[in-house]
Amino acid sequence: MNRRIVAGTLAGVMVAMAAGGAGLQKVSAEEYLGQAEVHVVSKGGGYEQELRYLPFERIDATESSGYVKVYPEETRQTMLGVGGAITESAAYNIQKLSAEEQNEVYEAYFGENGARYSVLRSTIGSADFSTRSYSYNDTEEPDPELENFSIEKDFDYIIPAIQEIQMRRPDIKFFAAPWAPPAWMKNSGVRRGQTGTAGLNFVDNSVKPEYYESYAQYFVKYIQAYKDLGIDVYCLSMQNETQNNPKWEAATWSTDAVIDFVGNHLGPALEASGLDTQLVIWDWDKGNDPMHHDGFVDFNTTVLSDENARQYIDGIAFHWYAGDVWHEIQGVPMWSEDFYSLDEVKAQFPDIHLYATEACQEKGPWFGSFDPADRYIYDILNDFEHGTETWIDWNLVLDKDGGPTQGVVNQCHAPIMLDENNQICYQPSYYILKQISRTVQPGTVSIKTTTDADIAKTAVIDEEGNISVMLGNVTDTEQTISVVDKDRAVPVTLQPHSLTTVTFRDDYHPGNGINPDLNDGLVKPIHAVASTFEKNPVFNYQAESAVDDNPRTRWASDWTDEESITFELLSRSNVSGIQLKFENGYDASYDILVSDDGESFELMKHVELGEMTAPDVTIRFEPRKARFVKLQGVQRNDEYGYSIYEASVIVQQ
């Protein structure tokens, strides 16, 4: 068996019970708080390290730094999982191997002991990562009735590979995307994009409107032909990189053209055929710069705002690429920071699905390098944090040169590569994708997390109630983080350039006992939310200004009686009071309430109008187990609203 692991060793990676991070208190042998399992991929020492049975410890809420806090009750998107692309190049590379080696690759990606990929993508016709250029209806003269339609060329490499994958993962979700239609459908008369520059469209590379109906039927024929082979197309992309104009096969679409094609041709054709394939649009980067023409936000909001087109669109597909002049001159990839784009569109269209459908480290094969692995950590975890439901890598297998490609030189990295002797070489990126894929299986649900650390992070909960917190450290510096759940925490040391996954059961139920012998201490809340805040173009009067450790910033409410601000602690604690430094409103009437869950609040103290006579206010009450403390306005003092510079919660410790 030809198998090699490149760039790194399988030496132990230490995941330490360490001092630092959020404060921890040792518990007695009788007080068992649960345990966690930790899995690590690290540049400095090992790609599949596992540490079981790390015990949770009691969290000391007075030391609230270096944490990642999980909120299992705040669920978000349901996940489809992680996958890769069986391009013709990938399938060709796999087919070069012996039967035993082919089985190894398929098992490594899709097998029960491998990455357990649950999503697969392929091309409709050829792309740059193909062995030749072709569509399913290549004729010299236009053939609008598609009498010469045939998927015959896919039988050489792609279809046999998909069928092998289905044997190992029968429930695989199959995504398909076209790079270009038959040449006779395009204004340019060729399948290639020609200009080779994404931001320039010197050649009309669009589809002729008179062939919109033919092109819609082209998709229907493709889906039906694959269905006849037992391959269901779960998701169809209208166009790969909709407004890109590269040297390889491509077609460019304006928003008006997409609205027309989807709303009047493709959508109705899919509906009339009885196919339940999802339809997605855009399938390009998250960027909104001039190089991306209309850009992610404007393109997608414009198309989705058209009711006729919107009824047929299930989701938005996107890629991880980015670029600027400086990176292009250097010839190095640029990491996208445009995750806000996902939030903006999702806020306007909350029921739209977000799918990350293509990513690879470009500008070279990066054979043996950990750099692509770092980028996967950064991008996948951030995409999942911003509503993404699936994440699909690009080529499953490439050769030592990052190919083959056809028509262009476009060297890229793959998680599994073949060396000069066709030996299978597992790259560091494979182990990153494997760990995430095994964690984020179909049906797992994203849950909210917060942190004060400079790391990438996200968390999911599976159907058995297992919470997995994925922590990415792509810096050169070791970091110690406490994963906080309710009033317990487990500390882990994040090695430089590493992915660490902390998994534990969501079955911990803390008690409500109060120890009267504990002393009081002050705790800075980690978060605050308010019913309103005063809008000001210069000063930030939002709730967070009351917990930012800056005595010159403040929360300021609207000028009405029943405004409120709620402070959240890092962990559930014995809360016995609150200290507030007011700018205004200290002598108003208000209630102080506490809560364990942020929804059901218990009144602890009522303050009468005029009872407080100075801006520095301390309010004490009988200790309660709580995580939230709320000031609820009752009646103002007839001057402005409620205004607070800083807040600290009194807890027993």
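**Exercise 1. In which strand does cysteine 235 lie? Determine its surroundings in this predicted model.**

Solution. Step 1: cysteine 235 is placed in strand β10, which covers residues 233–237.
Step 2: the relative accessibility of cysteine 235 is 1%. Buried means under 20%, so cysteine 235 counts as buried.
Step 3: leaving aside residues up to four places away in sequence, cysteine 235 touches Phe174, Phe175, Ala176, Thr277, Gln278, Val280 and Tyr355.
Step 4: for a distance across the model, take proline 525, which is 290 residues from cysteine 235 along the chain; the C-alpha atoms of the two are separated by 44 Å.

**Exercise 2. Determine whether serine 446 is buried or exposed, and list its contacts.**

Solution. Step 1: serine 446 belongs to strand β18, residues 445–451.
Step 2: its relative accessibility is 0%, so serine 446 counts as buried.
Step 3: residues up to four places away in sequence are not counted; serine 446 then touches Glu74, Thr75, Arg76, Gln77, Met79, Phe384, Ala459 and Val460.

**Exercise 3. Examine the salt bridge between glutamate 37 and arginine 52.**

Solution. Step 1: the side chains of glutamate 37 and arginine 52 meet at 2.8 Å, N to O. The cut-off for a salt bridge is 4 Å.
Step 2: the pair links strand β3 (residues 35–42), which holds glutamate 37, to strand β4 (residues 46–55), which holds arginine 52; the two residues are 15 apart.
Step 3: glutamate 37 has a relative accessible area of 25% and is partly exposed. Arginine 52, at 42%, also counts as partly exposed.

**Exercise 4. Examine two further salt bridges, aspartate 487 with arginine 58 and arginine 132 with aspartate 156.**

Solution. Step 1: aspartate 487 and arginine 58 form a salt bridge at 2.8 Å, N to O. Aspartate 487 is in the loop between β21 (479–485) and β22 (488–494), while arginine 58 is in strand β5 (residues 57–60), so this pair ties together parts 429 residues apart in sequence. Both residues are buried.
Step 2: arginine 132 and aspartate 156 meet at 3.0 Å, N to O. Each lies in the loop between β8 (119–124) and α3 (158–168), so the pair joins parts 24 residues apart in sequence. Arginine 132 is partly exposed at 24%, and aspartate 156 is partly exposed at 39%.
Step 3: the whole structure contains 37 salt bridges. A network of them links Asp485, Lys486, Arg488 and Asp506.

**Exercise 5. Describe the second largest pocket by volume and lining.**

Solution. Step 1: the volume of the second largest pocket is about 510 Å³.
Step 2: its lining has 22 residues, and His39, Gln435, Arg438, Thr439 and Thr503 lie nearest the centre.
Step 3: at least two lining residues come from each of β3, β4, α11 (428–439), β19 (456–461), β20 (466–473) and β23 (498–505). The largest share, five residues, is supplied by α11.
Step 4: sorted by class, the lining has six nonpolar, 10 polar and six charged residues.

**Exercise 6. Which stretch has a pLDDT below 50?**

Solution. Step 1: the chain averages a pLDDT of 93, and 94% of the residues score at least 70.
Step 2: the stretch below 50 is residues 1–21, which has 77 contacts in the model beyond near neighbours in sequence.
Step 3: where pLDDT is low, the predicted coordinates should not be read in detail.

Methods. Residues numbered from 1 in each chain as written. Predicted model: local features only at pLDDT ≥ 70, side-chain atom pairs only at ≥ 80, totals over all residues. Heavy atoms only, no water. Helix = DSSP H or I, 4+ residues; strand = E, 2+ residues; numbered from the N terminus. Buried < 20%, exposed > 50% of the residue type's maximum accessible area, 1.4 Å probe, protein only. 1 Å grid on protein atoms, 1.4 Å probe; cavity = no way out; pocket = protein on both sides within 12 Å on 5 of 7 lines; lining within 4 Å. Points joined across faces, edges and corners; volume = space filled by probe spheres on them. Nonpolar A, V, L, I, M, F, W, Y, C, P; charged D, E, K, R; others polar. pLDDT = per-residue confidence, 0-100. Contact = heavy atoms within 4.5 Å.
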